[in-house]
Structures are given as C-alpha cells and as structure tokens.
Amino acid sequence: PSVIMGAVPESILKKRKRNDEWAVKKAAAADVAKKEAKSKRKVIFKRAEQYVKEYRDQEADLIRLKRAAKANNGFYVEPEAKVMFVVRIRGINDIAPKTKKILQLLRLLQIQNGVFMKVNKATMNMLRQAEPYVTWGYPNLKTVKELIYKRGFGKVNNNRIPLTDNSIIEGALGKFNIICIEDLVHEIMTVGPHFKEANNFLWPFQLSSPRGGYSKKRLHYIEGGEAGNREDKINAFVRKMN
C-alpha cells in the first residue's frame, strides 16, 4: 500500500521559515562585518606605519642635535620625559596609613604591580611620600611596547580582559580615536590628549619577581638599593621582570 504523507504542522513550517530568515540575516551581517574588518585593517596598518615613521624621525632628530652640539663643543640636554613607569617593590608590612592611601591612589595595590604615570609636580610629590615602597623611571618605546603587548590587560566593565583583539580596545576607547594596540602605545608614549582615559583602561601590570632577585629593597637606588627614581635605568629593571 502507498504511504500517505501527513501534513507538516504549521508550527514547524513557521520555525523553518524563521530559521531561513535568520540564516539570511546572519550571512548578510557576517558579510558587512568582513568588509568593515578589511577596511579597518587598512586604517590600522596605515597608522602603524605613520607611528613608526614618527618614532624614527624623533630618533634621527635626537642624533642630529647631539652631533650638532658636539661639533660646537657643547652638550645637548634632552627634553624632560613626559611619562614614567612606577613599580611597587615592597609589601604591606609596617606601612603608614598615608603611604598606604597614596599607593591605593596610584593603583599599586600589590607588590610587583606597575603603572604608567604622567610626569608632573603632583605625581612627583606623591611618589616622594611613597618612595621607600616604589621605584620609577622613564621608559623607552621598547619597554612600553613590550609591557602592553606581553602584559597588557584592559578594564572592560570592571573585568580584567587580556588584550587579544583590537576590538576590545576599540570598544572601550574608540570614542577617543584609539582603535588598536599601536594607538594605545602611541597615546601612552607621547602622553596624548587622552592619556588619562587610555591609562585608566589599562589594568595595572602584574610583573614577575626580577631575575636574580632584588639587591637591598630598604635602600635608595643611589645607595645601591632598589627604591626611588632610577630614570632611564628602569628599562633594564622592567626587562628583568617582564
């Protein structure tokens, strides 16, 4: 006997139709996203090239000015640094309440935490108060890049999110025209107009204990210890911890 096919229930027909519509919409959205990503990649690549040129020009200018000064039997004094990197080197034992509060304001809540800061009178005064507990200096481009690329985490809805994708940065800082990791590095390095927002987006860096250990934490850097301002020597110190 021939098999009589039963009528397909209306609910299943509706479901099929809805699923087909969703599939079409999803495909269209994916196509749009793909085109946007392609155009964005071009913009990011162009910006990265522009930043590389800018950094190289600055380096060439510095060499040229130093040579000119040397030719005239003089010295070239480099401009004062705009950004510094601060690392907490001591824990919570015997810490005064005021110092503890300053370290909280600097977002240095744990030992081996590090943050970028603007160089100005207010920050320097705060660091002087907390000097025995921190060390700081003026990072170069290589240090800033290595820190953000290797140890960079963003603050997204108060969650610590690893910077694995430019979309994370764009989602948080897109309104400030910071759409990729190179923009973030540039903003921090040059202390751009949105340094504060970019720096607050970056979660305090959690560094490792330095290779070879600390020397004398309780002494100042100029006495052979670790604490206080070490200027450009911070780069070698951070490299040992990164």
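**Close-up views of a predicted model**

Asparagine 158 is exposed, with a relative accessible area of 63%; exposed means over 50%, buried under 20% and partly exposed in between, using a 1.4 Å probe and protein chains only. This is a predicted model, in which local features need pLDDT of at least 70 and side-chain atom pairs count only at pLDDT 80 or more, while totals for chains, interfaces and linings use all residues. Residues are numbered from 1 along each chain as its sequence is written, and side-chain values use heavy atoms, with hydrogens and water left out.

**View 1. The whole chain, before zooming in.** The protein chain comes to eight helices and seven strands. Both are DSSP runs numbered from the N terminus, with helices being H or I over at least four residues and strands being E over at least two. Along the principal axes, the C-alpha atoms fill a box of roughly 105 × 50 × 35 Å. The radius of gyration is 26 Å, while a compact globule of 242 residues would have one near 18 Å; the radius is taken over C-alpha atoms, and the globule rule is 2.2 Å times the number of residues to the power 0.38. Of the 242 residues, 35% count as buried. Now look at who touches whom: among contacts with a separation of 6 or more, 70% are between residues 24 or more positions apart, a contact being heavy atoms within 4.5 Å.

View 2. Strand 4 (residues 153-156) and strand 5 (residues 159-162) run antiparallel and are joined by four bridges; two strands pair if DSSP finds at least two bridges between them. Asparagine 158 has a positive phi of about 65°, even though it is not a glycine.

**View 3. Strand 3 and its two neighbours.** Strand 1 (residues 83-88) pairs with strand 3 (residues 134-137) in the antiparallel sense, over four bridges. Strand 7, by contrast, runs parallel to strand 3, joined by two bridges. In that pairing, threonine 135 has glycine 228 as its bridge partner. Which way do the residues of strand 3 point? Val134 and Trp136 point one way, Thr135 and Gly137 the other way, and all are buried.

View 4. Find glutamate 226 in the loop between strand 6 (205-206) and strand 7 (228-229). Is glutamate 226 buried or exposed? With a relative accessible area of 7%, glutamate 226 is buried. Leaving out residues up to four places away in sequence, glutamate 226 touches Ile89, Thr135, Tyr214, Ser215, Lys216, Lys217, Leu219, His220, Tyr221 and Phe237. Thr135 brings us back to strand 3, where it is one of the residues named in the previous view.

**View 5. Valine 191, between two helices.** Valine 191 sits in the loop between helix 6 (181-190) and helix 7 (195-201). Valine 191 is not a glycine, yet it has a positive phi of about 50°. Its relative accessible area is 19%, so valine 191 counts as buried.

**View 6. Lysine 100 in helix 2.** Lysine 100 belongs to helix 2, which covers residues 97-105. At 43% relative accessibility, lysine 100 counts as partly exposed. Where is alanine 33 from here? Alanine 33 is 67 residues from lysine 100 in sequence and 47 Å from it in space, C-alpha to C-alpha.
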